Amino acid sequence: MKKIALYLTLAILAAACASKETKDETPVTDRTTSTQPQTPNTGNSQITQQRPTAPVTGLSDAQLAKRSVYFDFDSNAVKDEYRGVIQVQSKYLGDNRDKKIRIEGNCDERGSREYNLALGQRRAEAVKKVMTVLGVSDGRIETISYGEEKPVAMGHDEAAWAQNRRADIKY
Amino acid sequence: MIGKIEPAAEGRVEVRFRLFDVQKQAQLASFSYVVAPAQLRATAHRIADVIYEKLTGDKGVFSTKITYVVKRGTRYELQVSDADGFNAQSVLASNEPIMSPAWSPDGSRLAYVSFDQKKPIVVVQNLAQGTTRVVAAYRGNNSAPAWSPDSRTLLVALSKDGLTQIYRVSSSGGDVERLTDSPGIDTQPAYSPDGQWIAFTSDRGGSPQIYKMPAAGGPAQRLTFDGSYNVGPRYSPDGKTIAFVQRDAGRYRIASLELATGQVTVLTDGILDDSPTFAPNGKMVLYEAQVGGRGQLAAVSGDGRVRQRLTSAAGDVQDPAWGPLPTN
């Protein structure tokens with residue numbers, strides 16, 4: 001019984017730590033608009049939907065799966081403990097020159113929504129800066145923000161807020 | 001007030017009312033409307049507006065509309081309703097966030113931020129036709145739309161050149177022109193009602209504060225000096241006051257700044273108040289408050305004395321914007 005409990009615990013832990021891809025497949029239902037929005041030709045970079053595939057340079061799947069950098073309140077400073085995450089992703093991009101990324105910045109729920117949108121983007125820019133110093137070219141990285149609109153933790157306390165103050169690297 | 005509703009021809013209804021000043025023994029107003037039964041609510045609003053104006057000298061806002069975003073789980077709806085919250089119509093539905101709706105000066109269009117393209121872009125929607133047009137979808141963020149008083153242009157916050165700065169674009173898209181150039185974040189622009197000034201949020205000085213600059217171009221002038229967080233300016237219809245969000249001891253509240261004197265009055269006492277929007281007669285400010293862990297709309301009088309909560313069914317209600325006075 002003890003062995004089974006141990007295996008179960010390990011399995012649950014492994015599932016919790018794996019990065020979840022929670023893409024919402026439901027199409028947008030737009031009840032009142034009758035025409036498709038026309039996007040002006042503004043040089044929007046196309047984001048490919050590929051995920052990092054088999055490691056080519058000795059980077060493990062577990063390393064490549066870490067794609068989030070977390071921030072202190074009111075700060076966009078990249079803390080030392082997350083440099084490794086950025087280095088791994090930069091190395092991967094260096095070895096796969098066809099890949100592009102979008103860095104999405106986020107904030108906790110406190111403060112004004114629009115200012116938080118800009119703060120989140122500034123966090124994404126801070127991560128991008130580290131990557132360009134490591135050799136990834138500017139044109140391969142788009143920085144955007146979801147502000148406080150896409151929290152991963154729904155609580156109203158520091159434990160939740162800390163998880164929401166983040167920049168996510170998306171392929 | 002004396003009122004009477006009587007059936008009229010073709011299934012319609014005649015509503016008559018007379019408003020008396022009992023003390024002065026004088027009749028203040030007398031109106032008669034012939035309407036279809038479905039329009040009774042709207043007619044009641046028009047009557048209330050007339051009474052309000054006769055009694056206070058100010059324009060009534062009972063016939064105006066408000067817009068706001070309702071969030072239920074991961075479902076977002078942009079709605080337009082009467083100023084009292086009744087008669088809500090859905091204008092846009094999405095599984096991605098919707099933010100910052102802004103009324104065109106004539107009330108016929110809404111600009112807003114859509115995340116349907118997995119990043120924030122600015123869209124203008126014609127309410128009567130339901131048609132939409134993307135007006136800003138540049139690299140990076142596109143947000144914070146604010147209409148010019150002549151409806152021809154929108155101020156927007158774009159991060160396409162690095163950090164978020166303020167630009168002007170045609171309200172049909174294109175003709176983008178950069179207006180600010182600071183080393184920080186510049187966002188949340190708002191035109192003064194006379195079109196001469198642009199108020200905005202900037203942290204160029206180290207902390208987010210409210211500034212204003214001439215709409216025609218020129219240096220910015222700082223307007224707020226209390227504390228380390230003053231953001232989201234909105235002009236009152238007479239241009240004399242700016243409502244904004246102020247943080248004090250960790251709480252975010254709505255405050256107002258009297259431009260002539262620099263005097264700041266805190267209007268609310270919530271913990272996460274946001275998005276102030278003036279009624280078109282300048283007497284009330286509608287905003288978003290956190291109540292019981294979810295967003296709800298609330299209103300406060302211009303002097304902070306009268307407060308009202310607009311309760312709603314399940315979900316978060318956020319990002320309100322008060323529409324203009326009706327043109328008829």
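Me: Let's start with chain B. What makes up its domain assignment?

Reply: This is a predicted model, by the way. The assignment for chain B lists domain 1 (2–56) and domain 2 (66–322). Between the C-alpha centres of domain 1 of chain B and domain 2 of chain B there are 35 Å.

Me: Where are the edges of the three-stranded sheet in chain B, and how do you know?

Reply: The order of that open sheet is 1-2-3, with antiparallel pairing. Strand 1 (2–7) and strand 3 (26–35) of chain B each have a single partner strand, so one side of each has no neighbour in the sheet, and that puts them at the edges. On average, neighbouring strands here are turned by 10° against each other, ignoring direction.

Me: What makes strand 1 and strand 2 of chain B a pair?

Reply: The cut-off is at least two bridges. Strand 1 of chain B and strand 2 (residues 13–21) of chain B have six, in the antiparallel sense, so by that cut-off they pair. If you want a spot to look at, Ile5(B) sits opposite Val15(B) in strand 2 of chain B.

Me: And which strands does helix 1 of chain B lie across?

Reply: Helix 1 (residues 40–56) of chain B lies across strand 2 and strand 3 of chain B, and its angle to strand 3 of chain B is about 165°.

Me: Why is Ala144(B) called buried?

Reply: Ala144(B) has 32 C-beta neighbours inside 10 Å, so it counts as buried. You'll find Ala144(B) in strand 11 (residues 142–147) of chain B. Its phi is near 55°, a positive value in a residue other than glycine. Most residues other than glycine have a negative phi.

Me: What makes Asp150(B) buried or exposed?

Reply: Exposed means 12 or fewer C-beta neighbours. Asp150(B) has 10 inside 10 Å, so it counts as exposed. Asp150(B) is in the loop between strand 11 and strand 12 (153–158) of chain B.

Me: Over to chain A. How many helices and strands are there?

Reply: Chain A has five helices and four strands, running α-α-β-α-β-α-β-α-β from the N terminus on. Of its 171 residues, 30% count as buried.

Me: How do you know what span to expect for helix 3 of chain A?

Reply: The expected span is 1.5 Å times one less than the number of residues. Helix 3 (residues 83–95) of chain A has 13 residues, and its 18 Å from first C-alpha to last is close to the 18 Å expected.

Me: Why can we say that the buried residues of helix 3 of chain A line one face?

Reply: The buried residues are Val85(A), Ile86(A), Val88(A), Gln89(A), Tyr92(A) and Leu93(A). Looking down the axis of helix 3 of chain A, they fall within an arc of 160°, so they line one face of the helix. Gly84(A) and Asp95(A), on the other side, are exposed. The buried residues pack against helix 2 (61–65), strand 1 (68–70), strand 2 (101–106), helix 4 (113–133) and strand 4 (166–170) of chain A.

Me: What makes strand 1 and strand 3 of chain A edge strands?

Reply: They belong to an open sheet of four strands with the order 1-4-2-3 and mixed pairing. Strand 1 and strand 3 (141–147) of chain A each pair on one side only. Neighbouring strands of this sheet are turned by 20° against each other on average, direction ignored.

Me: And why do strand 2 and strand 4 of chain A count as paired?

Reply: At least two bridges are needed. Arg102(A) stands opposite Lys170(A) in strand 4 of chain A. Helix 4 of chain A lies across strand 1, strand 2, strand 3 and strand 4 of chain A, at about 150° to strand 3 of chain A.

Conventions
Residues are numbered from 1 along each chain as its sequence is written. Chains are lettered from A and ligands numbered from 1 in the order in which they are written. This is a predicted model: local features need pLDDT of at least 70, side-chain atom pairs count only at pLDDT 80 or more; totals for chains, interfaces and linings use all residues. Domain bounds come from an automatic or database domain assignment. Helices (H or I, at least four residues) and strands (E, at least two) are DSSP runs, numbered from the N terminus. A residue is buried if 20 or more other C-beta atoms lie within 10 Å of its own, exposed if 12 or fewer, and partly exposed in between; C-beta atoms are placed from the backbone. The arc is that of the directions from the helix axis to the C-beta atoms. Two residues are in contact if their C-beta atoms, placed from the backbone, lie within 7 Å. Axes are lines fitted to C-alpha atoms, for helices over the stretch in contact, and angles run from 0 to 180 degrees between N-to-C directions.
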